[in-house]
Amino acid sequence: MRIVHISDIHCTHGTDYNEKVYEKAVKIVNSLDADFVFVSGDLTTDGLLSEYELAQKKTKEISSEMFVVPGNHDERNLGFKLFPEYFGDTDFIHSLKNVTLIGLASSEPDKDDGRLGRGRYQKIVDCIVPHKLTIVGFHHHLIPVPGSGRETNIIEDAGETLDLILRKEVPLVLMGHRHVPWAVKIHKTLLVNAGTFSCNRTRAHYGYTFNVIDIEDKIITVSIVDIKKEQTKKMVEFNLVDGCCTNRYYDLNNK
Ligand SMILES: [Fe+2]
């Protein structure tokens, strides 16, 4: 199974959004023949109607099936009322091949902070099905992301959420928000952040990126695609059977 993980598109008629990069990125995404695309929020910059219209128009260019959760920017200025109209339910569960995808809305109106809350913990517990790989996706990050500046906006209930995810051995969590691609394994869970797809607020040399996640024979491989350079680099490989994890950021042999 192949999943494309996109985040932080930031469609706007202002300066945040880079249409040229977006067009290039979509061409690459469409060439990857993904089983589905997961977008971890911030499709807009200010949650405005014109931005939702633009985001809907642009994301329709993606040929694979797409699942979307809202980010903090999408909930600004009553954007939380527009999101369901343009992108459907903000919390969802989809059963796809051998995977269960649980999308959760971590954002709240007009706040940059996020939280999941007890109702969503129950949703995670209820949706874990034996013999299916569980993927949980939301916008905000669960633990600090290196290289993304002063730490803010980890979900308010990060401790409880992390505890639940680790106890339930959820193998894969997909997040965004920080505009920095990163992954780390904790216990039996791989936590993955996507960088920004098309927002001009890139961080240092990270540029515009998205993640490609390949799941085969109980091995999860996450690669980063640098959109401008059209380069793909393996970031992390996690073997669900023996728990082995190789991470380009930390494994000396693979830097
Ligand atoms: Fe965000």
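Predicted model: local features only at pLDDT ≥ 70, side-chain atom pairs only at ≥ 80, totals over all residues.
Which residues have the most contacts inside the largest nonpolar core?

**View 1. A seven-stranded open sheet.** Reading across this sheet, the strands come in the order S3-S2-S1-S10-S11-S12-S13, and the pairing is mixed. Look at the two ends of that row: S3 (66–68) and S13 (245–247) each have a single partner strand, so one side of each is left without a neighbour in the sheet. From one strand to the next, the twist averages 20°.

**View 2. Where S2 meets S3.** Here we zoom in on strand S2, residues 36–39, which pairs with S3 in the parallel sense. Three bridges hold the pairing. One to pick out by eye is Val39, whose bridge partner in S3 is Val68.

**View 3. A six-stranded open sheet.** This one runs S4-S5-S6-S7-S9-S8, again with mixed pairing. Its edges are S4 (92–96) and S8 (182–186); each has a single partner strand, so one side of each has no neighbour in the sheet. The twist here averages 15° from one strand to the next.

View 4. S4 and S5 run antiparallel and are joined by five bridges. Across the pair, Phe92 stands opposite Gly103 in S5.

**View 5. Helix H4 over its strands.** Which strands does helix H4 lie across? Made of residues 118–127, H4 lies across S4, S5 (99–103) and S6 (133–137). Its direction is at about 170° to S5.

**View 6. S7 beside S9.** Strand S7 (residues 172–175) pairs with strand S9 (residues 189–193) in the parallel sense, over four bridges. Find Leu172 and you'll see Leu190 of S9 standing opposite. Both Leu172 and Leu190 turn up again in the next view, among the residues with the most contacts inside the largest nonpolar core.

**View 7. The largest nonpolar core.** Back to the opening question: this core has 62 residues, and those with the most contacts inside it are Val4, Ile6, Leu172, Val173, Ala183, Leu190 and Val192. In soluble globular proteins, nonpolar side chains tend to be buried together.

Note on methods. Residues numbered from 1 in each chain as written. Pairing = 2+ DSSP bridges. Axes fitted to C-alpha atoms, helices over the stretch in contact; angles between N-to-C directions. Contact = placed C-beta atoms within 7 Å. Core = buried A, V, L, I, M, F, W, Y, C linked by C-beta atoms within 7 Å. Buried ≥ 20, exposed ≤ 12 C-beta atoms within 10 Å, placed from the backbone.
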